[in-house]
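Hello,

Here is the structure I said I would pass on. My notes on the sheet and the pocket follow it.

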Amino acid sequence: MKVFRGFNHPGLDAACALTIGNFDGVHRGHQAMLALLKSEAQQRGVPSCVLTFEPHPRDYFAQATHQPGLAPARIGTLRDKLIDLAQCGVDQTVVLPFDARLASQSPQTFIDKVLVAGLGVRYVLVGDDFRFGAKRAGDYALLDAAGVAQGFDVARMNSYEVHGLRVSSSAVREALSDGRMQDAERLLGRPYRISGHVVHGRKLGRELGFKTLNLRFVHWKSAASGIFAVLVHGLGNTPLAGVANLGVRPSLDPTDVNGGRVLLETHCLDWPEALGAEGAYGKIIRVELTHKLHDELKYDSLDALTAGIRQDCLNARAYFAK
């Protein structure tokens, strides 16, 4: 899959079948839409294309209006979104910066400059609740009328349901927030996972006897948080069982090396000897959060923190033993 920041690139195809959205989590509803998009693209002999935004539009408005509560919790990172879109068979993805210029763009200007002149759309597929343009003034009817006038097809897809529940990013966020990992997996069509490069941290874990693999969760507000039993992929031929903390580590100083940012810190229950003590840094791993043990806790001392981690490891081993 080809990835572009914006649409002024020589490598971008001159025509495409397009869908538009944030695609946070790339859940089963998104997957059904992408399958339909691929089919329509093949019929027209053009590549399938996803237009997505970074930051999330609601992140932009939260910052612009100084109302952080408007920002949604993020299910996945941009890296994971692009990986998931590629696995769905999308040919190209355009990541459009959401800024003041785009936020103030009228629906017709968005159609003219982005869809037609920028991407050369032949077909546009949107969800049943799709809105676009300044003040969300554009809707499906307006887009459909523009397609008739400007020579591209427009279609919309109804909500996707699983056991009577509408599959949406909001539903996934709610399941993750509640620690209902099996429900999240049913909505996503796969286990919830986070991937990235293993980075250096404060190295407190190894001092306490629990070496960790650290991944940065770039967004400041993760949909899931707490202590989890996990499976780590990418460090050998088989996944490694572990226990992980996803969050801001309330027991540590917020001015530590990671600046109070959201981290996924994973301790493998059985560390592969072949890797050595420093063998994981820089590697790309994928961590599946399979079961939530409890919320993050604030410990009063390093001894209490050590005892808490030790108990979490025992509980994770018991979970995997079942």
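In which sense do strands β2 and β3 pair, and over how many bridges? In this predicted model, β2 (residues 16–20) and β3 (residues 48–54) are parallel partners, joined over four bridges. Within β3, Leu51 is the residue opposite Ile20.

That pair belongs to an open sheet of six strands with parallel pairing, and the order across the sheet is β1-β4-β3-β2-β5-β6. At the edges are β1 (2–5) and β6 (153–157), each with pairing on one side only. From one strand to the next, the twist averages 25 degrees.

Two helices to look at against the sheet are these. Helix α1 lies across β2, β3, β5 (121–127) and β6, and runs at about 165 degrees to β5. Helix α6 (residues 140–150) also packs on the sheet, where it touches β5 and β6. The direction of α6 makes about 155 degrees with that of β6.

Now the pocket. The largest pocket holds about 1,200 Å³ of space. Its lining is made up of 39 residues, and Gly21, Asn22, Asp129, Phe130 and Arg136 are the ones that lie nearest the centre. Sorted by class, the lining of the largest pocket has 16 nonpolar, 14 polar and nine charged residues.

Which helices each supply at least two residues of that lining? They are α1 (28–44), α2 (57–64), α4 (100–103) and α7 (169–177).

Regards

Technical notes. Residues numbered from 1 in each chain as written. Predicted model: local features only at pLDDT ≥ 70, side-chain atom pairs only at ≥ 80, totals over all residues. Heavy atoms only, no water. 1 Å grid on protein atoms, 1.4 Å probe; cavity = no way out; pocket = protein on both sides within 12 Å on 5 of 7 lines; lining within 4 Å. Points joined across faces, edges and corners; volume = space filled by probe spheres on them. Nonpolar A, V, L, I, M, F, W, Y, C, P; charged D, E, K, R; others polar. Pairing = 2+ DSSP bridges. Axes fitted to C-alpha atoms, helices over the stretch in contact; angles between N-to-C directions. Contact = heavy atoms within 4.5 Å.
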